[in-house]
Amino acid sequence: MTSQKTAGAAELHARMRQTAPLVQCITNYVAMNVAANVLLAAGASPAMVHAEEEAGEFARIAGALTVNIGTLSPGWVGGMKTAIAGAMAAGRPWVLDPVAHFATGYRRRVAAELLALRPTVVRGNASEIIALDGGVSAGQGADAGDPVEQAEEAARRLSRAHGAVVAVTGPVDFVTDGRRAARISGGSALMPKVTALGCSLTCLVGAFTAVAPDAPFEATVAALATFAAAGEAADQGAGGPGSFAVRFLDALHGLDSQALEVGERIRPA
Ligand SMILES: Nc1ncnc2c1ncn2[C@@H]1O[C@H](COP(=O)(O)OP(=O)(O)O)[C@@H](O)[C@H]1O
Ligand SMILES: Cc1ncsc1CCOP(=O)(O)O
Ligand SMILES: [Mg+2]
């Protein structure tokens, strides 16, 4: 058997751009437009398809599926489960974003049900990852209330328990597949001041897993490094969250693949 060298972040970024993977994003009302623009700017092809009647059929033609519980309702949960079944039947990766799952009983139940369906990747902020592991987090809603470092052990445990790559985002991101781990730095302190950037990143993780379905750890690192590099570039000259949001789309669009690997951006942890 020949051993293949795993592609680096810059190579995966170039591949993602060249192939413009179709990504089915079941995301929330707040994020739908933001995430679609982020994917288009980054080079992927988003499709926001969530109705139970068609979500499973669509998942079979998409390169990857992403599922986000930000604005939950029973009809959407039906669409999520149908889409997950379709993606898994077709051998496609899927990514879970457990937005504020600790806030209510309904959210907790749905997040646990989705986690049991074995996502390829889980991406959340520190509070979401701590709570998903059964810990007590300081989070109240969609925004993080805990530092990333405090969620690292939770991420490792979750990854081993569920066979998923787990990404914790914040000022410095942490990613693990239970065996390996990496930290990604860059971005901007303005990123958490623009709504739905975390949700959009989840969709972008989907785009990278679509072009590297056998390497979800590397794909997740590359997606996070894309946001880190584009966020850093957009920060320069931004006057606040409004101008940052516009500059961020431009930075994603103009991003040089090599910027993902400059300096110490990606470090083993
Ligand atoms: N203080 C910060 N400095 C730099 N980048 C940040 C900061 N906070 C969040 N980010 C980045 O913002 C993006 C969204 O992450 P995060 O805010 O943790 O997600 P969520 O919106 O789900 O809470 C990630 O790319 C993350 O690296
Ligand atoms: C504000 C809000 N409320 C429900 S979903 C949502 C968006 C959360 O977006 P993100 O997790 O990317 O900050
Ligand atoms: Mg979030």
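You're looking at a predicted model, in which local features need pLDDT of at least 70 and side-chain atom pairs count only at pLDDT 80 or more, while totals for chains, interfaces and linings use all residues. Residues are numbered from 1 along each chain as its sequence is written, and chains are lettered from A and ligands numbered from 1 in the order in which they are written.

M48 sits in the loop between β2 (45-47) and α3 (52-59); helices here are DSSP runs of H or I with at least four residues, strands are runs of E with at least two, and both are numbered from the N terminus. Show its surroundings: leaving aside neighbours within four places in sequence, M48 is in contact with C25, T27, M32 and A36 (contact means C-beta atoms, placed from the backbone, within 7 Å).

Select A196 and you land in the loop between β8 (181-185) and α8. A196 is buried, because 24 other C-beta atoms lie within 10 Å. Once its neighbours within four places in sequence are set aside, A196 is in contact with V30, A31, V34 and A35.

Next, colour α2 (residues 32-42) and α8 (residues 197-211). Their axes are 9 Å apart and the helices pack at an angle of about 45°, which means α2 is oblique to α8. (Axes are lines fitted to C-alpha atoms, for helices over the stretch in contact, and angles run from 0 to 180 degrees between N-to-C directions; under 35 degrees is roughly parallel, over 145 roughly antiparallel, 65 to 115 roughly perpendicular, and the rest oblique.) To see the contact, show V34, A35, V38, L39 and A42 on α2, then C199, S200, C203, L204 and A207 on α8. Those contact residues divide into 9 nonpolar, 1 polar and no charged (Ala, Val, Leu, Ile, Met, Phe, Trp, Tyr, Cys and Pro count as nonpolar, Asp, Glu, Lys and Arg as charged, and the others, Gly among them, as polar).

Now pick R123 and T169, which the unreviewed UniProt entry also annotates as "binding site". They're spread over 47 residues of sequence, yet they cluster in space, with a largest C-alpha distance of 7.5 Å. R123 is in strand β5 (residues 121-125) and counts as buried because it has 32 C-beta neighbours inside 10 Å. Not counting residues up to four places away in sequence, R123 touches V95, D97, A167, T169, L201, T202 and V205.

T169 lies in strand β6 (residues 165-169). With 28 C-beta neighbours inside 10 Å, T169 counts as buried. Beyond four places in sequence, its contacts are R123, N125, G198, L201 and L224.

Last stop: R183, in strand β8. Buried or exposed? R183 counts as buried, with 20 C-beta neighbours inside 10 Å. Its contacts, leaving aside neighbours within four places in sequence, are V172, D173, F174, R267 and A269. Finally, draw a line from R183 to G8: they're 175 residues apart along the chain, and their C-alpha atoms are separated by 15 Å.

Methods
Two residues are in contact if their C-beta atoms, placed from the backbone, lie within 7 Å. UniProt positions are given in the numbering used here, feature names are shortened, and annotations may be inferred rather than shown by experiment. A residue is buried if 20 or more other C-beta atoms lie within 10 Å of its own, exposed if 12 or fewer, and partly exposed in between; C-beta atoms are placed from the backbone.
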